[in-house]
Amino acid sequence: NGMARALSAVASIAVFVIVGLQVAYFGFGRLFEMLPSAPAFFLILLALHLVLPVSEWVIYRRLWAIPVSGIVPLLRKGVINDLVLSYGGELYLYDWARKRVKEGVMSFQAIKDVSILSAMVANLVTVAMVVVTARWVYPVISPGYVAPLACSVALLLGIPLLIGLFANRVFSLTWRDIRFISIVHIGRTAISVALTAMLWMCILPEIAFQQLLALQILRLLVSRMPLVPNDDILFASITILIVGYDSAVSMAASLTAMSLAALHIATFALLLVGDLIARLWRAQDAR
């Protein structure tokens, strides 16, 4: 409803204001100076922005046989989730599918299953990454964060196990589709982690390996928080709180978050312009 949209908008604006103030503390100029001049940074940034909608297009291509143009609503879905409210994009996608997909009756069940599988895979990948990198990451983590991290890992592992026990009641898709979707999600998560690491190394080529691993785990944990708009911005805020305002690592995290946010906003603006042009064409054809 209107009140929910207003509250989500206020929350999103508040997050941007807080991060803007934090970034302003050490200067926007310093952030822009950190922008690598190499084209590789911007190509990796664009790839990181597109990996989610492209992977979801692969999934819904199989489920609904959507055309290439189906990437547009998936781009809009991602922008809504990142800039407004998590899972708000799923509501938009359901409304779009209900009107345009032949299998519209099953659209809600398909979106629900895809979202649950995405969350399960992300949880399991996060737990696996924590376990595999524990011996390298543990020395650089403050003792005060060890217990909360362990509790988070236990919760992340418990949710998929609980869903797995009641899989027959939770999922509506066939096991063949579930297996395919899970594989796509695993690939997408692995590619996202690799692209993020490459992006950070473009900004700070001298970054320590342990710090890179710790930041990757922190980013994955933050991304698993439900109902949080723009987890990249939240991740930057938490990084600043942990390592300090003047840390080059916190500046890199802020630069990455602000760059992705700017790309989301640019995507949203381009989609609006595209919708406006399409409406003008349709109005002209109707005359």
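A word on the source before we start. The model is predicted.

Let's take the whole chain to begin with. There are 287 residues. They form 13 helices and zero strands. Buried residues account for 45% of the chain. The accessible surface is about 15,600 Å². Carbon and sulfur atoms own 71% of that surface.

How far apart in sequence are the residues that touch? Take contacts between residues at least 6 apart in sequence. Of these, 70% join residues at least 24 apart.

Now the helix pairs. I have two of them, and helix 6 is in both.

Pair one is helix 3 with helix 6. Helix 3 covers residues 39-64, and helix 6 covers residues 107-132. Their axes come within 12 Å. The crossing angle is roughly 145 degrees, and the crossing is right-handed. Who makes the contact? From helix 3, it is Ile59, Tyr60, Leu63 and Trp64. From helix 6, it is Ser107, Ala110, Ile111 and Val114. By type, that contact has seven nonpolar residues, one polar and no charged.

Pair two is helix 6 with helix 10, residues 175-203. Here the axes come within 9 Å and cross at roughly 50 degrees. That angle is why helix 6 counts as oblique to helix 10. This crossing, too, is right-handed.

Look at the residues on each side. Helix 6 brings Val114, Leu117, Ser118, Val121, Val125 and Met129. Helix 10 answers with Ile178, Ile181, Ser182, His185, Ile186, Arg188, Thr189 and Val193. Please note Val114 of helix 6. It is listed in the contact with helix 3, and again in the contact with helix 10.

Last stop, His49. This residue sits in helix 3. Is His49 buried or exposed? Its relative accessible area is 9%, and the cut-off for buried is under 20%, so His49 is buried. What does His49 touch, leaving aside neighbours within four places in sequence? The contacts are Leu75, Leu263, His264 and Thr267.

To recap. Helix 6 meets helix 3 at roughly 145 degrees and helix 10 at roughly 50 degrees. His49, in helix 3, is buried.

Terms used:
Residues numbered from 1 in each chain as written. Predicted model: local features only at pLDDT ≥ 70, side-chain atom pairs only at ≥ 80, totals over all residues. Heavy atoms only, no water. Axes fitted to C-alpha atoms, helices over the stretch in contact; angles between N-to-C directions. Helix = DSSP H or I, 4+ residues; strand = E, 2+ residues; numbered from the N terminus. Left-handed = near helix turned anticlockwise from the far one by under 90°. Contact = heavy atoms within 4.5 Å. Nonpolar A, V, L, I, M, F, W, Y, C, P; charged D, E, K, R; others polar. Parallel < 35°, antiparallel > 145°, perpendicular 65-115°, else oblique. Buried < 20%, exposed > 50% of the residue type's maximum accessible area, 1.4 Å probe, protein only. Areas by Shrake-Rupley, 256 points an atom, 1.4 Å probe, with all protein chains shown as cover.
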